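Here is a friendly walk through one protein chain, written for someone who likes to know the cut-offs behind each term. Have the viewer open as you read.

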Amino acid sequence: MSAPSRVDLREALIRAAEAARLAPSIHNTQPWSFHLSDLGIEIRPDWSRQLKVADPAGRELLVSCGCALMNAQVALAAAGFRSRVEVFPGWTVRISIERPDRVPELAELASVLDRRRANRREHFHDTVDSAVRAELAQAAQSEGASLLTLANHRHRVSALHLATTADSRQRVDPAYLAELATWTHRPDAAADGLRRIPLDTYGPDAEVSGFDTRRPGWHRLPGHAAATSSLFVLSTAADSPRGWLHAGAALERVWLVATRHGYAVSVFSQLTEVADLRRRLCRQLALPGYPQVLLRVGHAPATPATPRRPFSALVTQDWRGAGQPS
């Protein structure tokens, strides 16, 4: 393969930043900025967007940045580049071009980058095909994480019960409710957070509309959810900032693979936000590592995309060579 031109590299990095800004984040906080240069693309955590009550350690913020990292790598793979990842103080991540080389297992995910959604409908149906479950597990493993299928019905019900308990505990904390309302009752013109989600997002079977800060959410029906969809626990060997970045990259890679196969995905974050319930989940499932997220996967009608902050508000560029793209 011939060496790419400088402009080719820059255009690929710009596309990578476009893909990274589509990544999922806790409450769609989009806690990142991107810096493009001849050295590559840097993903910089934006700590001003940290959820101080729900995420005091910044774990979910860095999981979100890990998701953005995966999207950027997928876009670069689709452009024909193999990338290299470095982590710097403050948990800034730099992705640089290692060499022109197609990475097909990542490149094939690029077609669903703009179709990946968090699906918050109450009812999913159909469990995940065994071949796809294996592919999802491999996707997590490729990013240094593990994905456990909750095949035992008792384990599924137990995990969802713990998720509901976590949600109920958080909702008696006025500070948590105030923070939740800030990010989930955004005005229609907002480019971040979650608006009060219209009923068609949830479907006519939904009992609540959006993240209602006065009542529990759709996951309060563990029996139905456990019986009609597949549940997975994504875990990492280390419960550290680096482990959280790995968890985010693994989460997004799993999510993109599921999307490519036509499955809907929803994420339970409350369970891993409450320390004692997170430890209980680990014991009950005999997990070898630290649970980072609980996923529900099945079939459900599509839901709208959440808004994204504009490219110009997120990206800075510093090209030192000639031929800066317009």
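## Around N71

Setting aside residues up to four places away in sequence, N71 touches A19, A20, L22, A23, L113, E252 and L256, where contact means heavy atoms within 4.5 Å. This is a predicted model, in which local features need pLDDT of at least 70 and side-chain atom pairs count only at pLDDT 80 or more, while totals for chains, interfaces and linings use all residues. Residues are numbered from 1 along each chain as its sequence is written, and side-chain values use heavy atoms, with hydrogens and water left out.

N71 sits in helix α2 (residues 59-78); helices here are DSSP runs of H or I with at least four residues, strands are runs of E with at least two, and both are numbered from the N terminus. Is N71 buried or exposed? Its relative accessibility is 0%, so N71 counts as buried. The scale calls a residue buried under 20% relative accessible area, exposed over 50% and partly exposed in between, using a 1.4 Å probe and protein chains only. One of the residues that N71 touches is E252, and the side chains of N71 and E252 make a polar contact at 3.4 Å. A polar contact is a pair of N or O atoms within 3.5 Å; within protein, one must be able to donate a hydrogen and the other to accept it, and residues adjacent in sequence count only if both atoms are side-chain atoms.

## W244 and its surroundings

Helix α9 holds W244, which is buried with a relative accessible area of 9%. Beyond its neighbours within four places in sequence, W244 is in contact with A57, G58, R59, L62, V63, D239 and Q292. With D239 there is also a polar contact between side chains, at 2.8 Å.

How far apart are the C-alpha atoms of W244 and E60? They are separated by 7.5 Å, although W244 and E60 are 184 residues apart along the chain.

## Salt bridges

Side chains of opposite charge can pair when their charged atoms come close. Over the whole structure, a search finds 17 salt bridges, each being a side-chain nitrogen of Lys or Arg within 4 Å of a carboxyl oxygen of Asp or Glu. One of them joins D46 to R49, with the closest N and O atoms 3.7 Å apart; R49 is buried at 15% relative accessibility.

Another pairs E135 with R260, whose closest N and O atoms are 2.5 Å apart. This pair links distant parts of the chain, with E135 in helix α4 (residues 130-142) and R260 in helix α9 (residues 241-260), 125 residues apart. Both partners are partly exposed: E135 has a relative accessible area of 27%, and R260 one of 30%. Helix α9 also supplies R253, which meets E143 in a salt bridge of 2.6 Å, N to O. E143 lies in the loop between α4 and β5 (145-149), so this pair ties together parts that are 110 residues apart in sequence. E143 is buried at 15% relative accessible area, and R253 is buried at 10%. Elsewhere, shared partners join the salt bridges of E42, R44, R84, E86 and R94 into one network.

## The five-stranded sheet

Five strands make an open sheet in the order β3-β4-β2-β1-β9, with mixed pairing; two strands pair if DSSP finds at least two bridges between them. Why is one side of β3 and of β9 left without a neighbour in the sheet? β3 (81-88) and β9 (315-318) stand at the edges, and each has a single partner strand, so one side of each has no neighbour there. On average, neighbouring strands are turned by 20° against each other, direction ignored; the axes are lines fitted to C-alpha atoms, for helices over the stretch in contact, and angles run from 0 to 180 degrees between N-to-C directions.

Strands β1 (residues 32-37) and β2 (residues 40-45) run antiparallel and are joined by six bridges, forming a hairpin with two residues between them. F34 has I43 as its bridge partner in β2, and S37 has G40. S37 also has a bridge partner in β9, namely D318. β1 and β9 pair in the parallel sense, over four bridges. β1 is mostly covered, with five of its six residues buried.
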